[in-house]
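Thank you for making time for this one. Please bring up the sequence and the model, and I will talk through a few places in turn.

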Amino acid sequence: MQAAEFLAVAKQHFHGDDLKRITDAVEFATMAHQGQQRKSGQPYETHVFATAAKLVELGMDVDTVVAGIVHDVPEDTTYTLADVEQLFGPTVAHLVGGVTKLGKLKYRGLERYVENLRRMFVAMAEDVRVMIIKFADRLHNLETLGALPPEKQLRIARESMEIFAPLAHRLGIGEIKGQLEDLAFPYVYPVEYAWVRGLVGPRYEALDRIVDEMKIAITRGLTEAKITTMSIHGRRKHLYSLYEKLIRPEYNRDIQRITDLVALRIVVQNVTDCYAVVGLVHQLWKPVPQRFKDYIAQPKPNGYRSLHTTVFGPHGQPVEIQVRDQQMHEEAEYGVAAHWHYNESGKPQTGARVTEKVAWARQLAEWKHELANDEQYLEALKIDALQKRIFCFTPTGDVIDLPEHATPIDFAYHVHSDLGTTCVGARVNDKLTALDTELRSGDVVEILTDKNRKLPNRDWLEMAKTQTARGHIRKALREAGIESPT
Ligand code: MN
C-alpha cells in the first residue's frame, strides 16, 4: 500500500492534530525505510502502511495507528526507539517497544520459542494494543506470503493458525481470527482448501445476487417504517470456519446442509428497532420454523448478542438474517479492540474492563516458573490459552470460561481457589457427577464443599486439565509438605 492510499483511509477516521501526527509518522517511516525492499520486491514502507491501514479499519486509537506506521523502525532501520519516543511521545514508544520485544516469533528451538510465547502474554497483559499491532502486522505478512520460500510459508501459516488465530479468538476479535485462518488455510491444508473453494464458488455468486435483492426490499421497508439503518450488508462465511463446520459429523461434508453460507447482517440503532426489523423481515418472507434465535434476551454464554432468523428467500432458498445494534456489532466483531473505539464524547473507552479481559494472559506468563520444563509450559499454554473454550455457569448464573475437556475440578479452581480446596463433589445440571467428567458448554455446575477440608486430593492433578487448577493444587500440596509429581 502506498502512502497516498493509506492517508486516504486515515482521513476518513482522523482529523486535526491526530491526522497531523499520522501524516508526520508516514513521512518519517518513508524516510527511515528508504531504499529497503520486501521479499516481494515492493518498497518496505508498503508493509507498514498496510499494517497501519488494518489498525484504522479496526477502529483503533491514534497512538496505535502511529505505532503501526513506525513499528519496524527500531528493528529494521538506523533509527532507535529513543528517536521514536522523541518524535511521537511515550505511548507510541511504549507500543513500538512492546512489538519489537516480541521480536520475530521464529522457531529456534523449543526454549527460545516458549520464551517468546511467554513474552507475548506479558506484553498482552500490559497493553493489549501491542498484540493488536502484531495481528495487523501478521495479516499483511500472510497476504504477501507467496514471496517466501515454501518451508517458511508453511511455518508462518501454521503458527498463524495455531497461535495467533486462537489468541485473536480469545480476545473476541472474530474479524481478525477469520482473516488469519483464511489467509493461512491454503498453505496449511492445500487440498482441503481447494475442495472448499470448489464447493462454494458457484454458490456464492448466486447467493450474493439473492442477498442483494433482499437488501433492496428490506431497505425500502425500513425507510417506510422510519427505522434508521447503520449498515446492511451480506457477509460471506469465512472459508476456514466453513471447512470446520463441513467436517463436523452432523454436516457430513455436505454443503447443502449449510444455511449460513451468506448471511444478511443488519445493524440498527437500538434494541427496539432490532425486533422491529425481524418483524418486517418475517412479513416479507416466510420464516423457516425453529430458526428464530433471540440472543438479545438470552445472550450466548460467550456474551454474543444479536437476533438471528432464517427465511425462505425470494427464490425459496433459506437465507440467514442477523440483526443487532451498533454496540452488539462492535463487541461481536472487534471484541477487546472495541474498547478503543471512540465514544460520543470523542474519547476512547479504555479502562478496567480491558485489564480484566486479559488477566488470564498475565497469569499464564506467571505460571512459567511453576512448571518443570519448557515442554510442560508449552503444553499448558496450548491448553489454557489456545484451545477451544467452553462456557459453564455457576448456580447463580455467572459464566465461567474454560478450555475444552475441563472438569468440575477445573471449574472449582477457576471460580476460587478455596472452592477448589474444599470441594468434595459436583452436581452438573442437577445430577451428581464424578469429578473427572468432561464439562460441556452450557452446563450448570454446582460444587459441593466440606468446610473442614484443608487440602486438595493428590489425584486431582490427573483430573484437572488447566494449568490454573493444577498450579493451585501443586502449590497447596507443596505448602503442606506433600511431594507432588511434576
Ligand atoms: Mn512488520
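Predicted model: local features only at pLDDT ≥ 70, side-chain atom pairs only at ≥ 80, totals over all residues.

His94 lies in helix 6, where helices are DSSP runs of H or I with at least four residues, strands are runs of E with at least two, and both are numbered from the N terminus. At 39% relative accessibility His94 counts as partly exposed, because buried means under 20% relative accessible area, exposed means over 50%, and partly exposed is in between, with a 1.4 Å probe and protein chains only. His94 and Asp182 are 88 residues apart in sequence, and their C-alpha atoms are 31 Å apart in space.

Residues are numbered from 1 along each chain as its sequence is written, and side-chain values use heavy atoms, with hydrogens and water left out.

Now to helix 4, which covers residues 62-69. How many of the residues of helix 4 are buried? Eight of its eight residues are, so the helix is mostly covered by the cut-off I gave for buried. The buried residues of helix 4 pack against helix 1 (3-11), helix 2 (16-32), helix 3 (45-57), helix 6 (81-102) and helix 8.

Within helix 4 we find Thr64, which counts as buried because its relative accessibility is 0%. Its side chain is joined to that of Asp61 by a polar contact of 2.4 Å; a polar contact is a pair of N or O atoms within 3.5 Å, and within protein one must be able to donate a hydrogen and the other to accept it, with residues adjacent in sequence counting only if both atoms are side-chain atoms. Leaving aside neighbours within four places in sequence, Thr64 is in contact, meaning heavy atoms within 4.5 Å, with Leu55, Leu95, Arg129 and Ile133.

Helix 10 comes next. Its 15 residues, 174-188, should span 21 Å, and its end C-alpha atoms are 20 Å apart, which agrees; the expected span is 1.5 Å times one less than the number of residues. Among its buried residues are Ile176, Leu180 and Phe185, and what covers the buried residues of helix 10 includes helix 8 (128-143), helix 9 (150-170), helix 11 (190-224) and helix 12 (239-246).

Last, Phe292 is in the loop between helix 13 (271-284) and strand 3 (293-294), and at 39% relative accessibility Phe292 counts as partly exposed.
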